[in-house]
Amino acid sequence: MYEVPQFQFRTVSSMPHDAEKAAPLLSRKAGPLKGRIRVPGDKSMSHRALMFGAVARGETVIEGLLEAEDVVNTGKAMKALGATVDRDGSGRWHVKGVGIGGLSSPRADLDFGNSGTGVRLAMGLMASTPLVARCVGDASLSRRPMGRVTRPLAQFGTRFETAEGDRLPLTLHGAKNPVPVTYTLPVASAQVKSAVLLAGLNTPGVTTVIEPVPTRDHTERMLTSFGASISVTEKDGARHIAIEGRHELKAQHIDVPGDPSSAAFPMVAALITEGSDIVIENIMLNPTRTGLIQTLQEMGADIVLENRRQAGGEDVADLHVRHSRLKGVRVPQERAPSMIDEYPILAVAASYAEGTTRMEGLEELRVKESDRLAAVESGLQVNGIITHSGRDWLEVHGGGAPGGGTVVTHMDHRIAMSFLVMGLASRIHTTVDDSRFIATSFPGFTELMNGLGARMQPA
Ligand code: S3P
């Protein structure tokens with residue numbers, strides 16, 4: 001077995017973000033994409049499997065774990081908090097948990113690299129246990145708002161010292177005598193919902209999150225399979241998720257299916273590249289994650305879900321995708337939570353569609369790994385696409401990308417992958433200024449794409 005600290009991945013934050021070390025990549029027009037592929041395991045489920053395993057009793061075995069920097073950082077953090085975390089082969093990890101309330105103060109800073117999910121969920125997990133932990137991250141994560149999590153967690157009795165503007169680095173002092181909280185989410189965020197529910201795990205009594213707009217529900221589903229006392233009811237159109245604290249969790253065997261947010265890149269690549277016909281196997285199709293597939297199908301995409309089945313408590317299917325003529329559509333704001341990470345790649349698909357695509361309800365894109373609305377719009381514009389935008393909307397005028405531009409990726413993996421996909425069908429190649437952050441979520445992306453027939457190479 002390998003120890004996590006010796007694991008081969010670097011943490012992103014230890015990577016200096018200077019231009020000299022950047023790894024620019026270019027992508028040029030490719031022949032048809034053909035083949036059957038698998039993409040790495042789902043990121044949301046991978047973070048949660050490590051964290052819930054860390055506070056369960058017994059040994060959790062995870063298969064298909066996403067071995068990318070974001071998730072590896074979560075594994076290291078769980079180890080630093082007292083769990084035993086080992087890898088025994090590709091994607092197969094073992095976590096020996098410490099039980100609810102069993103986490104202890106780490107000896108060094110917890111470094112979450114580039115990952116908002118990692119740090120925000122871990123803050124919830126630690127909040128109701130009397131430990132002290134300093135959380136840090138890379139330059140991108142250190143710009144992102146943490147007040148959305150520290151505010152509800154403070155209601156449990158947790159104390160925080162944060163950098164200016166409720167940002168990282170921050171020191172968390174877990175509550176000695178946590179009190180249960182009822183919290184209505186002010187933003188549609190599964191990370192905030194999950195942080196509050198996880199703080200409820202070691203809090204006596206019932207903690208309730210009221211969710212007016214549904215967001216991804218992996219926390220609820222996976223906590224249920226770990227044996228948590230959790231219930232979900234609907235009242236006046238809102239979901240009420242109640243968790244009764246101080247119930248031990250039982251170790252589980254978890255199979256992590258492929259990440260639909262990673263599958264989105266080869267999927268759009270095949271749709272825009274003439275003659276393509278690919279199958280992406282074993283993709284998780286939780287209904288809170290399928291907004292992109294629905295939108296692309298409305299645009300005329302030929303995506304067929306084959307071999308539908310259940311795995312790891314989730315719907316799973318193989319996605320059969322063929323090159324398609326797309327047309328512009330309006331994407332309503334209610335759909336945003338179910339495709340929140342997919343707007344950059346949808347914008348690329350839209351630039352090859354006939355007509356205009358309008359996307360609404362995008363305010364949360366402003367606080368992702370980068371200001372994604374701004375980064376997407378400038379990436380489209382430098383490649384010759386006409387766009388219009390407002391505070392929370394974007395319009396993309398399709399017709400095909402001339403290309404030829406260099407896209408600034410702002411330490412954002414999804415911006416890098418999206419514009420590499422754009423280059424597969426643009427007249428002149430596209431370039432991204434730095435591809436290093438792709439490793440935070442999709443190790444092997446370029447090799448996998450080139451294996452299908454793409455032409456991505458160092459610039
Ligand atoms: C995630 C929730 C989303 C998403 C992120 C993963 C999760 O963030 O953007 O990539 O695993 O809970 P928000 O909940 O902040 O929208």
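A polar contact is a pair of N or O atoms within 3.5 Å; within protein, one must be able to donate a hydrogen and the other to accept it, and residues adjacent in sequence count only if both atoms are side-chain atoms. Keep that in mind, please. Here is a case. The side chain of Glu-281 makes such a contact with the side chain of Arg-36, at 2.7 Å. The Glu-281 side chain also has a polar contact with the side chain of Arg-38, at 3.1 Å.

Some ground rules. This is a predicted model, in which local features need pLDDT of at least 70 and side-chain atom pairs count only at pLDDT 80 or more, while totals for chains, interfaces and linings use all residues. Residues are numbered from 1 along each chain as its sequence is written, and side-chain values use heavy atoms, with hydrogens and water left out.

Back to Glu-281. Where does Glu-281 sit? In strand 18, residues 277-284. Strands (E, at least two residues) and helices (H or I, at least four) are DSSP runs, numbered from the N terminus. Is Glu-281 buried or exposed? Glu-281 is buried, because its relative accessible area is 18%. Buried means under 20% relative accessible area, exposed means over 50%, and partly exposed is in between, with a 1.4 Å probe and protein chains only. Contact means heavy atoms within 4.5 Å. Setting aside residues up to four places away in sequence, Glu-281 touches Arg-36, Ile-37, Arg-38, Ala-317 and Asp-318.

Now the overall layout. The domain assignment gives domain 1 as 6-42 + 257-458 and domain 2 as 43-254. Such bounds come from an automatic or database domain assignment. The C-alpha centres of the two domains lie 28 Å apart. Their contact takes 36 residues from domain 1 and 35 residues from domain 2.

Next, the cores. A nonpolar core is a set of buried Ala, Val, Leu, Ile, Met, Phe, Trp, Tyr and Cys residues joined through side-chain atoms within 4.5 Å. The largest one has 71 residues. Which members touch the most others? Ile-280, Leu-296, Tyr-343, Met-359 and Phe-445. Helix 7, residues 260-272, gives the most to this core: nine residues. Another core lies apart from it, with 66 residues, among them Met-45, Ala-56, Leu-81 and Val-209.

Look at Leu-296. Beyond its neighbours within four places in sequence, Leu-296 contacts Met-267, Val-268, Leu-271, Ala-301, Ile-303, Leu-346 and Ala-349.

Then Val-331, in strand 21, residues 330-331. Val-331 counts as buried because its relative accessibility is 0%. Its C-alpha is separated by 9.7 Å from that of Leu-292, 39 residues apart along the chain. With neighbours within four places left out, the contacts of Val-331 include Thr-295, Met-339, Tyr-343 and Met-359.

Arg-335 comes next. Arg-335 lies in the loop between strand 21 and helix 9 (343-351). Why does Arg-335 count as buried? Because its relative accessibility is 11%. Its side chain has a polar contact of 2.9 Å with the side chain of Thr-295. A second one, at 3.0 Å, goes to the side chain of Glu-298.

On to Ser-441. Ser-441 is in the loop between strand 26 (430-432) and helix 12 (445-452). Its relative accessibility is 2%, so Ser-441 counts as buried. Ser-441 and Leu-66 are 375 residues apart in sequence, yet 7.7 Å apart in space, C-alpha to C-alpha. The Ser-441 side chain also makes a polar contact with the side chain of His-413, at 2.7 Å.

Helix 4, residues 147-154, has six of its eight residues buried, so it is largely enclosed by the rest of the structure. What covers those buried residues? The cover includes helix 3 (116-127), strand 10 (159-163), strand 11 (167-173), strand 12 (182-184) and helix 5 (190-201).

Last, the ligand. Around the ligand are Ser-44, Arg-48, Thr-117, Ser-189, Ala-190, Gln-191, Arg-216, Ile-340, Asp-341 and Lys-368, each with a heavy atom within 4 Å of it. A backbone N or O atom of Ala-190 is 2.7 Å from a ligand oxygen atom. A polar side-chain atom of Asp-341 also lies 2.7 Å from an oxygen atom of the ligand. For Lys-368, a side-chain N or O atom is 2.7 Å from a ligand oxygen atom. How much of the ligand does the protein bury? Taken alone, the ligand exposes 380 Å², and the protein buries 94% of that. These areas come from the Shrake-Rupley method with a 1.4 Å probe; for residues, only the protein chains shown count as cover.
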